[in-house]
Amino acid sequence: MRRFILAAFAVVALGGHADAAVCAKSSPGLTKFYSDAWGLDLRSTRFQPADRTSITAANVGQLRLKWVYGLSTDEPRSYPLVTEDTIFIGDSGNGLVALDRQTGCTRWTFKHEGQIGSAILHEEKNGAVTLFFTDRTEGIFALNALDGTLRWKRSPPGDNPIPLLSGTPLIHDGTMFVPLSSYEVGLAVNPFYGCCTTSGGMAAINTSDGDGLWYRRTVPTHPHVTGRHYLFVENQAPSGVPAWAAPTLDSSGGVLYFGTGQNYSRPTTNTSDSIFALNARDGSVRWIHQFTSGDAYNTSCDLSEGHPNCPKPMGPDLDFGAPPILARTPDGRELLIAGEKSGAVYALNPSDGAIVWTYHSGRGGALGGVHWGMAVDGAAGLLFVPVSDIVAGHLTGKGEARPGLFALDLASGALRWSHLRKARCPDRTCSPGLSAAIVAGPDLVFAGSLDGKLEAVDSRNGKLLWSYDSWQEYPTTVNGKPAKGGAFDAHGPMLAGDQLIVSSGYGSFYQKGGNALLAFELSGNKAQ
Amino acid sequence: MTAELVLAGRGRRLVASLIDVLLVPALAIIIMLVTGVLEHAADWSASARPVLRMFALGVASYLILNVWLLWQRGQTVGKAIMGIAIVSTKSGGPAPFWRLAIRALFFPTLYLIVWPWAALFPLIDQLTIFFKPRRCAHDYLCGTSVIKRG
């Protein structure tokens, strides 16, 4: 009997432990939001002004790990939305979770087993706040921010039967702009698949119900059969030109900018590896500037360049994986900044796409060069360029690798300083490259590296201010799921008040996976 | 079993099974190639249920290679190559269709051996061949034996 009582007590105690991750108050605060888009703002600057972050070069040394949440995936691909008391983030395999900023307890969970691959977006309309996210294949979801209940769900827009939602949409004035890519790039490894027919694109939908407003293909013409390979399977073209990343909006001029990737088959088009400028109202083209022509590649080439679906000759796969930034120089000049996987950075005239200046920051390759996202501090006149330069097999760029962070003069493209990084070990997983998007504050820049280090650098001189090594086990987490750190990649860190929030781990491309959602806070402070 | 029938050796049975295990996906690929059933992007859309199509291709290949051939000849391709055949243990003659149908349910479990958590079932089924009568569990259940065919 005594054993039974002890066992019952243990069960109750353990049950109590599990419940500790659930917040007493389930409804989140929804009055202050720390971002409006994947790029933090509509112009994709990835810059947090002083009213959105209190972390500075002077106090960054006081940053301490506050809590760790164990994600359900080793390849987290979601970027958080932060309010005054809550962090909303996609926990692929579990769902969208609303976590308390102070304790990490869970306010609510929208159960969803798919892959949440976007930043969490929000919109306030008629006093109600709606959250939006995309599942990489299932489509677009709209939730009630108060309790996480589903408002509506839509399949990906457009005419692609196998769409991939990789880039985060952008919301403005009741319209959601949705970048579209295709998982045909991977399907081509099957030699019995007739490569390739799909087009990337950009779509606009209504945020109130998901109804389509317009759709723009990035491959202007429809595919036709170009031949049959030795397995009697049809080859088709043109194809590809995915829009991998979030778009950028000039809300006053009504212009939507985004970058594209390569063609999947030959003949190629003059829209691949390009920057598009569309009229946001109807999707009509203002201008397209192509930077690499004749680039045709798909993942069949990774098996063998002799694969029947690998375009011949194989292209270098030099996408624009990072959103273009609409920046304003200290003297008030508008520039559109585009960073390419080749390592090249271009400043364009936003009105016609003409090149103003060019800077080559690294050797580049299929995984960057510039991969996920740069940041700009317009007031300081600085552009921050993270460079990956990780080895990408036969798609590695030529020349010497220069992984690290570069600061360029926004107006001229001249190098102000560089923070080059060294490998901690000779293995590829120890690549010191900066593939993940970065985020800048008023006088510092945060960057997470492929070798699991999170660093703060003084934006005025490139001096390393603070560093944290996430390559470790986190046996104790706020939700009871053990976590481990890995490569920093994809969306990168978020600054919100006195907190820094980031996911560690990214198992793609033979990098180190991990499932640790880390929340740092200035010690001795309360979140704003 | 009648006296003139000689049980097949374990090695021949193993090689025959390996051949058949490899032939099923090979035939599925040939069907896929000839019909073009998964050649186009629309075939891979969620609504086209590509996983179900691939499964159906595998089932069709399996039915041809392991059910139809056994019913008609008492031999699969692998067994024909290795010179062995399936007979009714009681009569020594061709096994009736219903016995072969039950037996056929066991063959796909060979694919489970690659999953540790599911490997126990086919392993137990196959390991009983090491008892003296050289019969797998499915042979006992279906009343069949595998013999040499000269």
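## A strand pair, a sheet and two chains

In strand β5 of chain A, the residue that bridges to Ala98(A) is Trp108(A). Strands here are DSSP runs labelled E of at least two residues, helices are H or I runs of at least four, and both are numbered from the N terminus. This is a predicted model, where local features need pLDDT of at least 70 and side-chain atom pairs count only at pLDDT 80 or more, while totals for chains, interfaces and linings use all residues. Residues are numbered from 1 along each chain as its sequence is written, and chains are lettered from A and ligands numbered from 1 in the order in which they are written.

Back to that bridge. Strand β4 (residues 95-100) and strand β5 (residues 106-111) of chain A run antiparallel, joined by five bridges; two strands count as paired if DSSP finds at least two bridges between them. Five residues sit between the strands of this hairpin, and Gly104(A) takes a positive phi near 80°.

Next, a sheet. Strands of a sheet pair through backbone hydrogen bonds, either parallel or antiparallel. One open sheet of chain A has four strands in the order β6-β7-β8-β9, with antiparallel pairing. Which strands stand at its edges? They are β6 (121-125) and β9 (150-154) of chain A, each with a single partner strand, so one side of each is left without a neighbour in the sheet. On average, neighbouring strands of this sheet are turned by 20° against each other, direction ignored (axes are lines fitted to C-alpha atoms, for helices over the stretch in contact, and angles run from 0 to 180 degrees between N-to-C directions). Four bridges hold the antiparallel pair of β8 (residues 139-144) and β9 in chain A, and Phe141(A) stands opposite Lys153(A) in β9(A).

Now for the inside of chain A. A residue is buried if 20 or more other C-beta atoms lie within 10 Å of its own, exposed if 12 or fewer, and partly exposed in between, with C-beta atoms placed from the backbone. A nonpolar core is a set of buried Ala, Val, Leu, Ile, Met, Phe, Trp, Tyr and Cys residues joined through C-beta atoms within 7 Å. The largest core has 131 residues, and Ile337(A), Met374(A), Val376(A), Phe384(A) and Ile438(A) touch the most other members. Strand β37 (residues 516-522) of chain A gives this core its largest share, six residues. Another core lies apart from it, with 21 residues, among them Val185(A) and Cys301(A).

Here are the two chains side by side. Contact means C-beta atoms, placed from the backbone, within 7 Å.

| Item | Chain A | Chain B |
|---|---|---|
| Helices and strands | three helices, 37 strands | six helices, two strands |
| Box of C-alpha atoms along principal axes | roughly 80 × 55 × 55 Å | about 60 × 35 × 25 Å |
| Buried residues | 57% of 528 residues | 27% of 150 residues |

From the N terminus on, chain B reads α-α-α-β-α-α-α-β. How do the chains meet? Nine residues of chain B are in contact with 13 residues of chain A. On the chain B side, six of them are nonpolar, two polar and one charged (Ala, Val, Leu, Ile, Met, Phe, Trp, Tyr, Cys and Pro count as nonpolar, Asp, Glu, Lys and Arg as charged, and the others, Gly among them, as polar).

Conventions. Contact = placed C-beta atoms within 7 Å.
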